Amino acid sequence: MKFPLNFFVSLSVICLMLLGVVTQAATEKEPWQQAESTEVWEPVPPKVSVNAAGVPSDAIILFDGTSLDAWESVKDNAVAPWKIKGDVLVTNPQSGDIRTKQNFCDIQLHIEWQSPAEEDMEGPEGQGRGNSGVFFQERYEVQVLDSFGGDTYVNGQAGSIYKQHIPLVNATKGLSEWNVYDIVYSAPEFNAAGRLLEPAYITVLHNGILVQNHAEVKGPTAWIGHPPYEAHGCAPLRLQDHGNPAKFRNIWVRTL
Ligand code: MG
């Protein structure tokens with residue numbers, strides 16, 4: 001039997017097409033296989049639990065009402081001169097700031113604070129109403145102040161990054177109530193020559209309400225002017241003695 005040439009051409013084309021179909025079927029992955037290619041399996045996040053008091057299992061306890069062992073005096077590195085009353089840490093006006101013995105870089109901080117009674121305020125308004133502050137790396141302050149009552153400049157009220165960022169809202173509670181700060185702090189980065197590579201950033205939840213959203217810190221906190229960054233490494237967390245009574249409790253950090 002004799003086949004015309006075009007029969008063989010057609011046969012070849014059909015064979016090639018069949019081969020293509022078979023090859024494509026062999027190489028085309030099932031959807032679940034395609035999805036697998038974007039799955040990441042490590043590093044596995046460590047498990048962290050929260051106890052009945054709301055403290056994460058990987059937290060470093062800085063004050064739980066029992067001792068000031070984690071703290072020292074800024075004036076002379078001696079025993080922290082503030083007082084413990086009940087389970088509350090109370091400022092000791094004019095004794096000076098206190099700071100942690102441990103240095104920190106990036107952290108998540110939980111701290112609760114309460115302003116003094118009205119009769120212990122310096123006045124009905126201004127910066128003398130239970131003024132204290134949380135200084136990250138001893139330099140960058142999130143303000144502690146009664147801002148439920150007295151007026152003051154808004155970049156110096158509670159929840160402000162002092163003289164740099166106004167809080168998004170005023171979430172301050174009344175004088176007899178406890179305020180809660182949950183703060184995420186990202187430390188600034190410097191190169192070997194001391195040049196700023198990345199500024200610090202601060203996110204603040206005040207009583208669960210966002211008041212600072214990844215705010216860029218412009219430099220060290222100052223009462224006057226805006227000084228530039230100076231290179232530094234990890235450093236203590238510092239609480240301010242502004243000469244006013246103020247109370248703190250339940251202080252812990254998680255290093256990030
Ligand atoms: Mg202050």
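Predicted model: local features only at pLDDT ≥ 70, side-chain atom pairs only at ≥ 80, totals over all residues.
The largest pocket holds about 180 Å³ of space. Residues are numbered from 1 along each chain as its sequence is written, and side-chain values use heavy atoms, with hydrogens and water left out.

**Pocket and cavity**

On a 1 Å grid over the protein atoms alone, a pocket is an open set of points with protein on both sides within 12 Å along at least five of seven lines, a cavity is a set where a 1.4 Å probe fits but cannot get out, and lining residues have an atom within 4 Å of a point. The lining of the largest pocket includes Gln127, Tyr153, Trp223 and His242. It divides into 5 nonpolar, 6 polar and 1 charged residues.

By this rule there is 1 cavity of 30 Å³ or more, and the largest cavity has a volume of about 30 Å³. Among the residues lining the largest cavity are Phe104, Cys105, Phe136, Gln137 and Pro236. Its lining comprises 8 nonpolar residues, 1 polar residue and no charged ones.

**Salt bridges**

The structure holds 8 salt bridges, each defined as a side-chain nitrogen of Lys or Arg within 4 Å of a carboxyl oxygen of Asp or Glu. Three of them are listed here.

| Pair | N to O distance |
|---|---|
| Arg99 and Glu72 | 2.9 Å |
| Asp97 and Arg238 | 2.9 Å |
| Arg99 and Glu138 | 3.2 Å |

For the pair Asp97 and Arg238, Asp97 lies in the loop between β4 (88–90) and β5 and Arg238 in strand β14 (residues 238–239), so the pair ties together parts that are 141 residues apart in sequence. Asp97 counts as buried, at 16% relative accessibility.

Glu72, Asp97, Arg99, Glu138 and Arg238 are linked in a network of salt bridges.

**Surface patch**

Leu168, Val169, Leu205, Ile209 and Leu210 form a nonpolar patch on the surface, with about 390 Å² of accessible area together. Such patches are made of residues with over 30% relative accessible area and no salt bridge, nonpolar side chains being joined within 5 Å. Ile209 lies in strand β13 (residues 209–216) and, at 39% relative accessibility, counts as partly exposed.

Key:
Points joined across faces, edges and corners; volume = space filled by probe spheres on them. Nonpolar A, V, L, I, M, F, W, Y, C, P; charged D, E, K, R; others polar. Patch = residues over 30% accessible without salt bridge, like charges linked within 9 Å, V, L, I, M, F, W, Y side chains within 5 Å. Areas by Shrake-Rupley, 256 points an atom, 1.4 Å probe, with all protein chains shown as cover. Helix = DSSP H or I, 4+ residues; strand = E, 2+ residues; numbered from the N terminus. Buried < 20%, exposed > 50% of the residue type's maximum accessible area, 1.4 Å probe, protein only.
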